Amino acid sequence: MKKYKHYVFALLGVSLLLAGCGNQNGESSSNGALSSSAAEKVYVAPGEQDEYYAFLSGGYSGNLTVYGLPSGRMFKEIPVFSQFPTSGYGYSEETKPMLNTSFGFVPWDDAHHPDISQTNGELDGRWVFINGNNTPRIARISLSTFETEEIIEVPNSAGNHSSSFITENTEYVVAGTRFSVPVPQRDMPINEYKGNFKGALSFISVAPDNGRLNLEFQLLMPGFNYDLSHPGRGKSHGWFFFTTYNTEEANSLMEVNSSQNDKDFIAAINWKKIEEYVKNGGGTKIPANYAHNVYDDHNHTGTSTMKKEVLTVDPTKVPGAVFFLPTPKSPHGCDVDPTGQYIIGNGKLSADLTVHSFDKMIAAIEGEKFDGEAYGIPILKFEDVLAGTVKSGGLGPLHTEFDGKGNAYTTFFISSEVVKWKLDTWEVIDRKPTFYSVGHIMIPGGNSRKPFGKYAVAMNKITKDRYLPTGPEMEHSAQIYDISGEKMELIYDFPTHGEPHYAAGCPAELLAPKSKKIYRLTDNKHEFATISPNDARVERNGKEVHIYMSTIRSHFTPDNIEGIKVGDKVYFHITNHEQDFDVPHGFSIIGQNTSELLVMPGQTKTSIWEPKKVGVWPFYCTDFCSALHQEMQGYVRVSPANSDIELSWSLGE
Amino acid sequence: MKKASILMIIGPLFLLGLYAFPLWNIMLGAPQYPEPLGMNIHIDGIRDVNEFDLQNIDGLNHYIGMRKLPKPEEMWEFSAFPIVIGGMVILGLVIGILGFFKKVGYQWFMGWFVLMSILGVLGMYDFNAWMVDYGTNLDPNAIMKLSNPDGTPMSYKPPLFGHAKMLNFDVTSLPSTGAWMMFTGMMLILAAFFLGWKTRKSKEIEKP
Ligand SMILES: [Cu+2]
């Protein structure tokens, strides 16, 4: 990664120069973001590369966007739960199965919390996971191809919000339900919610070799709302923590009715205990119906399998596995510090932060100091588990990340600020405004034992007046703070795409060297691949016509096709023969009802066209691929349905 | 003469490097190829520097009507060179061993060196002739036809040695590991000759 080194040297050079000029080197000036030092901190010169990758969820866009830090440049949008015309994801025959669910084809979702895979509590850069809230799903994205490789639907769940967070060896990715629902779903009066609805916390295992997901078990918790979660790590590895709200189990006018209790809970789940219980034959299998979609990058094809049952676990059947930690004022964020000792529950209606101690929790459990129970689950005494309270003076604390140097950074939605405070002493060190209404904050490596505490990215809900107006709707803004010093410094802000709900980040040197540059044509195992242009052909099977086509700069093989009839269903199976980095070819044909396709070097993709009109119709390459891109075109002759013109195809005749 | 013969035995062995390492290397860099495309010319064929470089060079060259880079079976040189080199190694070893047992004189060492040099020059001549043909014998239907300022058609012959600017490409052509090993081997043989010559001379002075 010599480029990064250059960058560092360049910065050093610049700062030395500035020092020579008598500038206040190293100290943030009173000009804040306007000071020249902020510009230098985020400036990545042309041809230089960023130090970190940041993966920002797209919220209601259903996708994941990749940004560089510190530049804030967007590199890519990775389609996950939503159809994506740019690449044909969700339009091509190969990727349509990825969006299959028990509700049918659902080409959209609300993607919230990305998390990068870990080994021994440190980021390993194999995969990034993200949840779909609306039609509960978990996706796994390869960090070598930056493509979605797997999506598993989560049954008995609704509002898959307290996910997708992973344990420190990527044993499990968790999918907690925000809304409790009848399990199994049935026709019943809504006002009989209390005591009848259940909250499913799903534990999905990740195969260490290929990342394959499997829904191992679902813990059927009382009917609260399971809002956010984080795994334990280090000493608390083996536990998972979930914040709850609506412990009142109200079913209407929630903003009032679910905010009556002064304290809700953080549910502490000893998943190792439950895993053991399940391995010994515990739990109950119940019928379920959910899709499991896997994309294979050798045959470039996704397959969707419907699964028919799920193992459920009643928490009261596993003594010592589940406890409630009372936490004030409808806690939202649930964050665990890098040592695994502190569990931070931020009451979104309070000004203070509540920090629980893992050691105290274990001592209280061992001493059986319970303060009653809820649906058979022991409630620990607030005072017994409390490590401390951060008296912040802010309003509406949401989420906390850590810099690995003993400091925590909490966002405050209502007062629009980031507050830096010290673990153990709970004193506030610094606070900086955000613009405006900040939700999550991200420090690369945030959900790991080893955060890279150089930058923090705040993701804001409201952007007004920050950029040039673009009508009533503006893209959300994100802000980069330099957190390497005692005080935070706002160094950049940039618009994002969709709702940047949460993010995960990691050093570029973890991913850049293993990023895949092409697919090897010789490894292409696609059922309909055209590996040699000599194999290009057109075949008819009743009303289906299959066109086996290859592309290379700057032509399609074949480029003249005759014998297609109105009413046919024409499959274009296009194989890109380039073996050069970043040289895709596109394909589109007039009157096509699906997206045009972008086919990567060595890849095969299939697009359907149903010609409705007699004529000679052109197709062309949509990706400006070479000096003769404009000439990369061809014609399909479409004859009447009753025509007897034979199929024929050619190139250069 | 023993020391000289040992050098004469070791020297030809360096030529075996040509079976493992490229003789020549040509690199093509351009703004859109920050990681340059490259070909390694071995005695038995042309290979990629990085995977798919040859395919991508062919892809670029087709615009200006250059032929595809030859496969080993398309050029007699790639089957002849390994035999010639093998023959020279064996010949050198035989001369060295015979020298060791005093069956031949040090003049044979020079004989081998001169023969190898002639073959080397012929090889370079052939290589250059091939590049001239490759760079100027262009497809008349080429998409792009470029001419020099004086109106003559542009040649795309890569330099035999050193750097040249061809359109937007920086082309460098330099001997590679195999050639350097061959050079080392030949220098050893030259040293063997001088050593043989010196010992003979000193013995001649002693004798009378
Ligand atoms: Cu193209």
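This report covers the copper site of chain A and the interface between chain A and chain B in a predicted model.

## Copper site

Four residues of chain A coordinate the copper ion: A:His585 through ND1, A:Cys621 through SG, A:Cys625 through SG and A:Met632 through SD. The distances run from 2.2 to 2.6 Å. The angles among the four donor atoms are 95 to 126°, and the site is tetrahedral.

Along the chain, the donors of the copper ion are spaced as H-x35-C-x3-C-x6-M. A:His585 and A:Met632 are 47 residues apart and link distant parts of the chain. A:His585 belongs to strand β40 (residues 585–589) of chain A, whereas A:Met632 is in the loop between β43 (615–620) and β44 (633–639) of chain A.

## Extent of the interface

Contact between the two chains involves 13 residues of chain A and nine residues of chain B. The area buried between chain A and chain B is about 830 Å², and carbon and sulfur atoms give 44% of it. On the side of chain A, the residues that lose the most area to chain B are A:Arg553, A:Gln579 and A:Leu628, which together account for 49% of what that side buries.

## Polar and charged contacts

Two salt bridges are counted between chain A and chain B. In a salt bridge between the chains, the side chain of A:Arg520 meets that of B:Glu51, at 2.5 Å from N to O. Six residue pairs between chain A and chain B are in polar contact, with both residues at pLDDT 80 or more. The side of chain A that touches chain B comprises five charged, four polar and four nonpolar residues.

Notes. Residues are numbered from 1 along each chain as its sequence is written. Chains are lettered from A and ligands numbered from 1 in the order in which they are written. This is a predicted model: local features need pLDDT of at least 70, side-chain atom pairs count only at pLDDT 80 or more; totals for chains, interfaces and linings use all residues. Side-chain values use heavy atoms; hydrogens and water are left out. Contact means heavy atoms within 4.5 Å. Buried area is the accessible area (1.4 Å probe) that two parts lose on being put together, summed over both. A salt bridge is a side-chain nitrogen of Lys or Arg within 4 Å of a carboxyl oxygen of Asp or Glu. A polar contact is a pair of N or O atoms within 3.5 Å; within protein, one must be able to donate a hydrogen and the other to accept it, and residues adjacent in sequence count only if both atoms are side-chain atoms. Ala, Val, Leu, Ile, Met, Phe, Trp, Tyr, Cys and Pro count as nonpolar, Asp, Glu, Lys and Arg as charged, and the others, Gly among them, as polar. Donors are N, O and S atoms within 2.8 Å of the metal (3.2 Å for Na, K and Ca); water is not among the atoms, so sites may look incomplete. Four donors count as tetrahedral if all angles lie between 85 and 135 degrees; four count as square planar and six as octahedral if opposite donors are over 155 degrees apart and all others between 65 and 115; anything else is irregular. Helices (H or I, at least four residues) and strands (E, at least two) are DSSP runs, numbered from the N terminus.
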